[in-house]
Amino acid sequence: KLNLQLIVTGMHLSTEFGMTYKQIQDDGFNIDKKVEILLSSDTPVSISKSMGIGMISYSEAYDELKPDIVLVLGDRFEIFSAVSAAMIARIPVAHCHGGEATEGLIDEPIRHSITKMSHIHFCSTNEYKKRIIQLGESPKLVHNVGALGIENINKLSLLSKLDLENSISFKLNGDLNFLVTFHPVTLENSTSSEQVFQLLQALDLIENCKIIFTKSNSDTDGRIINEIIEDYVIKNPKKSICYTSLGQVRYLSLLKH
C-alpha cells in the first residue's frame with residue numbers, strides 16, 4: 001500500500017566518496033530528493049554542522065514529499081538528523097538494525113537514540129530484539145527479521161576471479177590477498193594516523209601479498225586515513241591499489257576470492 005520515495009544524502013552525493021548515487025540510479029531506482037549536507041572537512045565541528053544542515057534540509061524534504069512513514073537503517077549521524085526531523089514533523093519512523101552494539105564509536109549512542117525516536121523496529125537477532133525492548137519499546141512493535149545485508153549477499157551474483165581482475169585493473173596474487181577497509185574510531189581523539197601506520201607496518205611484514213584498499217568514510221579523521229593510504233599505494237604500486245568505492249558487487253567478490 002506504500003509508494004517508495006527515496007531521499008539520497010551524505011557520501012552518496014560527494015565526488016570525494018565516489019558519487020555513488022549513480023549506482024542507485026543504475027539499479028533502477030528513482031531519487032525523489034538529493035539532500036546535500038557534507039562539508040569539505042572531517043573535524044568534529046564540521047560533522048556537527050553537517051548534522052545541523054541535515055536537520056534543516058530533511059525537514060524541508062519531508063514538507064515537500066509528505067511521507068506517511070520514514071524507513072531508515074543503522075546508526076550514522078546523517079540518519080540521526082533525518083529521524084530527528086521526522087520526529088518533530090510527527091512522521092512515524094521504521095528503523096532497521098536497532099539494538100546492536102558498537103564499542104568505541106559515536107554509532108552506539110546514535111543508534112540507541114534513533115531507536116527511542118522510532119515507532120516500528122526491524123532488528124536482526126533475538127539478542128538485539130531484547131535490547132530494544134529493554135530500552136522501553138513496545139514488544140509488539142519489535143520484529144526480528146534477520147540481517148538485510150546478508151539476505152542481499154545471498155542473492156547477488158558475484159564476479160569470477162578473471163572478471164574481477166579486469167574490473168579493478170589489478171591482478172590478484174595466487175593465494176595471498178588482503179582487502180583492507182579502515183574507518184576512524186570516532187570516540188578516540190586523533191588516533192587514526194597512528195593506527196593506520198601500525199596496520200601498514202604489519203602488512204609490510206607479509207611477503208608476496210597483494211593489497212586492495214578501499215578508502216575511509218566521512219567520519220572524523222577519515223581524510224587522514226585516506227591520505228596515508230594513497231601515499232602507501234604510490235610507494236608500492238606493484239603490490240597495492242586503492243579505490244574510493246568498489247561498490248557492493250566488486251567488494252563482496254573480492255571478499256569471496
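This note discusses selected features of the structure above in numbered points.

1. Basis of the note. The model is predicted, so local features need pLDDT of at least 70 and side-chain atom pairs count only at pLDDT 80 or more, while totals for chains, interfaces and linings use all residues. Residues are numbered from 1 along each chain as its sequence is written, and side-chain values use heavy atoms, with hydrogens and water left out.

2. Salt bridges in general. The structure holds 10 salt bridges. A salt bridge is a side-chain nitrogen of Lys or Arg within 4 Å of a carboxyl oxygen of Asp or Glu. Three of these pairs are described in the points below.

3. Asp 75 and Arg 111. The side chains of Asp 75 and Arg 111 form a salt bridge, at 2.8 Å from N to O. This pair links distant parts of the chain, 36 residues apart: Asp 75 lies in the loop between strand E3 (70-73) and helix H3 (77-88), and Arg 111 lies in helix H4 (residues 107-117). Helices (H or I, at least four residues) and strands (E, at least two) are DSSP runs, numbered from the N terminus. Asp 75 is buried, at 16% relative accessible area, and Arg 111 is also buried, at 1%. Here buried means under 20% relative accessible area, exposed means over 50%, and partly exposed lies in between (1.4 Å probe, protein chains only). Asp 75 and Arg 111 also belong to a network of salt bridges that includes Glu 108.

4. Lys 215 and Glu 230. A salt bridge joins the side chains of Lys 215 and Glu 230, at 2.4 Å from N to O. The two residues are 15 residues apart and link distant parts of the chain, with Lys 215 in the loop between strand E8 (210-214) and helix H9 (222-235), and Glu 230 in helix H9. Lys 215 is buried, with a relative accessible area of 18%, whereas Glu 230 is partly exposed, at 33%.

5. Lys 235 and Asp 231. What separates the two residues of this pair along helix H9? Lys 235 and Asp 231 are four residues apart in helix H9, and therefore about one helical turn lies between them. In their salt bridge, the closest N and O atoms are 3.1 Å apart. Lys 235 is exposed, at 62% relative accessibility, and Asp 231 is partly exposed, at 36%.

6. Helix H8. Helix H8 (residues 192-204) has 13 residues, and its span of 18 Å from first to last C-alpha is close to the 18 Å expected at 1.5 Å a residue. The expected span of a helix is 1.5 Å times one less than its number of residues. Which residues of H8 are buried? They are Ser 192, Val 196, Leu 200 and Leu 203. These residues lie on the same side of H8, because they cover an arc of only 60 degrees around the axis. The arc is that of the directions from the helix axis to the C-beta atoms. The buried residues of H8 pack against strand E7 (177-181), E8 and H9. Contact means heavy atoms within 4.5 Å.

7. Phe 178. Strand E7 contains Phe 178, which is partly exposed at 25% relative accessible area. Leaving aside neighbours within four places in sequence, Phe 178 is in contact with Leu 203, Ile 206, Cys 209, Lys 210, Ile 211 and Ile 212.

8. His 112, in helix H4, is buried at 18% relative accessible area. Not counting residues up to four places away in sequence, His 112 touches Gly 99, Glu 100, Arg 131 and Leu 135. Glu 165, in helix H7 (residues 161-168), is buried as well, at 10%. With residues up to four places away again not counted, Glu 165 touches Phe 170, Lys 171 and Leu 172.

9. Surface features. Leu 73, Val 145 and Leu 148 form a nonpolar patch on the surface, with about 250 Å² of accessible area together. Patches are made of residues with over 30% relative accessible area and no salt bridge; like charges are joined within 9 Å, and nonpolar side chains (Val, Leu, Ile, Met, Phe, Trp, Tyr) within 5 Å. Accessible areas come from the Shrake-Rupley method with a 1.4 Å probe, and for residues only the protein chains shown count as cover. Leu 148 is in helix H6 (residues 148-155) and is partly exposed, at 42%. Arg 90, in the loop between H3 and strand E4 (93-96), is exposed at 75% relative accessibility.
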